[in-house]
Amino acid sequence: MATVGGAGDLAACFWTRLSRACFSIAVAAILAGGAHAQRAGVRGAPEPPRIGKSGALYDITGYWVSVVTEDWRHRMVTPPKGDYIGIVLNDAGRKLADAWDPAKDEAAGEQCRAYGAPGIMRLPGRLHITWQDDQTLKVEADAGAQTRLLYFGTTDSQGSGWQGLSQATWEVLPGARGQSTVGSLKVVTTRMKPGYLRRNGVPYSANAVLTEYFDRITEPDGQAYLLISTTVEDPAYLAQPFVAASHYRKQADAAGWNPATCSAN
């Protein structure tokens with residue numbers, strides 16, 4: 001992927017409290033270079049499909065640590081019951097969120113409700129990403145000791161767990177003349193157990209659809225970042241899609257990797 005902005009511009013964005021605006025600037029810069037071109041409505045002759053490991057546009061394997069500058073108070077600590085600012089719930093969603101009881105979740109063995117696919121990438125912690133095989137990316141999170149499998153092509157998996165069924169594709173378009181091919185890793189996840197978008201009981205249903213785009217951005221100094229843009233659609237509880245962005249910084253090794261079990265609190 002091409003570098004976004006001038007030297008240090010992207011890193012400066014990450015370390016300010018204006019992360020949401022900075023993320024928009026970063027995405028706009030990517031769009032200018034051609035990434036996400038299909039979603040932006042840009043037309044061009046598509047390349048043949050890129051499949052799995054052999055078709056990877058960039059390398060996202062390794063250890064990554066979350067950079068939490070957006071929605072800090074909703075992510076670093078558990079918000080109080082009824083605090084669902086930034087998520088537009090319908091009546092059914094508000095009713096469930098207002099009835100959240102972590103003790104009941106613990107007693108029912110449902111303490112991982114906030115660690116499902118729509119929420120796990122928003123929790124502070126680390127990711128370990130590897131290729132399980134040539135057609136499957138494995139994403140381990142130390143938060144909740146969760147594992148996601150991102151499948152390229154067909155799979156026998158039926159989903160239904162906290163992480164559901166994730167289908168991955170390399171979404172690509174050729175760059176402008178003289179530029180290399182650009183694009184993103186797109187992941188669509190369905191068939192998930194009902195869970196929480198936030199740890200304070202903001203719900204999503206079993207029929208929710210999670211769409212993610214994973215982009216690797218490299219600063220001029222060589223520091224790599226993983227940008228994950230997320231959209232959750234769920235008419236059962238959401239009055240409109242929930243859109244968010246999460247940022248991770250590449251680590252040289254497994255320093256700090258510390259898987260921990262789920263907690264309902």
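**Close-up views of a predicted model**

Figure 1. Glutamate 110 counts as buried because its relative accessible area is 18%, and the cut-off for a buried residue is under 20%. The model shown in this and the following views is predicted. Glutamate 110 forms a salt bridge with arginine 113, in which the closest N and O atoms are 3.5 Å apart. Arginine 113 also meets the side chain of aspartate 105 in a salt bridge, at 3.9 Å from N to O. Aspartate 105 is likewise classed as buried, since its relative accessible area is 9%. A network of salt bridges links Asp105, Glu110, Arg113 and Lys193. For the structure, the count of salt bridges comes to five. Side chains of opposite charge can pair when their charged atoms come close.

**Figure 2. The salt bridge between arginine 148 and glutamate 212**. The closest N and O atoms of this pair are 2.7 Å apart. Arginine 148 belongs to strand β4 (residues 146-152) and glutamate 212 to strand β9 (residues 209-218), so the pair ties together parts that are 64 residues apart in sequence. Both arginine 148 and glutamate 212 are buried.

**Figure 3. The closed barrel and the pairing of β5 with β6**. Nine strands form a closed barrel in the order β1-β2-β3-β4-β5-β6-β9-β10-β11, and their pairing is mixed. On average, neighbouring strands of this sheet are turned by 30 degrees against each other, direction ignored. Strands of a sheet pair through backbone hydrogen bonds, either parallel or antiparallel. Strand β5 (residues 165-173) and strand β6 (residues 182-190) run antiparallel and are joined by nine bridges. Within this pairing, leucine 173 stands opposite valine 182 of β6.

**Figure 4. The largest cavity and its lining**. The structure holds five cavities of 30 Å³ or more, and the largest cavity has a volume of about 130 Å³. Its lining consists of 13 residues, of which His74, Arg75, Arg122, Leu197 and Arg198 lie nearest the centre of the cavity. Helices α3 (72-75) and α6 (117-120) each supply at least two residues of this lining. By class, the lining comprises six nonpolar, two polar and five charged residues.

Figure 5. Serine 160 is placed in the loop between β4 and β5.

**Figure 6. Alanine 255 and tyrosine 63**. Alanine 255 is found in the segment after β11 (242-251). Because its relative accessibility is 45%, alanine 255 counts as partly exposed. In sequence, alanine 255 and tyrosine 63 are 192 residues apart, whereas in space their C-alpha atoms are 8.6 Å apart.

Notes:
Residues are numbered from 1 along each chain as its sequence is written. This is a predicted model: local features need pLDDT of at least 70, side-chain atom pairs count only at pLDDT 80 or more; totals for chains, interfaces and linings use all residues. Side-chain values use heavy atoms; hydrogens and water are left out. On a 1 Å grid over the protein atoms alone, a cavity is a set of points where a 1.4 Å probe fits but cannot get out, and a pocket is an open set with protein on both sides within 12 Å along at least five of seven lines; lining residues have an atom within 4 Å of a point. Grid points are joined across faces, edges and corners, and a volume is the space filled by probe spheres set on the points. Helices (H or I, at least four residues) and strands (E, at least two) are DSSP runs, numbered from the N terminus. Ala, Val, Leu, Ile, Met, Phe, Trp, Tyr, Cys and Pro count as nonpolar, Asp, Glu, Lys and Arg as charged, and the others, Gly among them, as polar. Buried means under 20% relative accessible area, exposed over 50%, partly exposed in between (1.4 Å probe, protein chains only). Two strands pair if DSSP finds at least two bridges between them. Axes are lines fitted to C-alpha atoms, for helices over the stretch in contact, and angles run from 0 to 180 degrees between N-to-C directions. A salt bridge is a side-chain nitrogen of Lys or Arg within 4 Å of a carboxyl oxygen of Asp or Glu.
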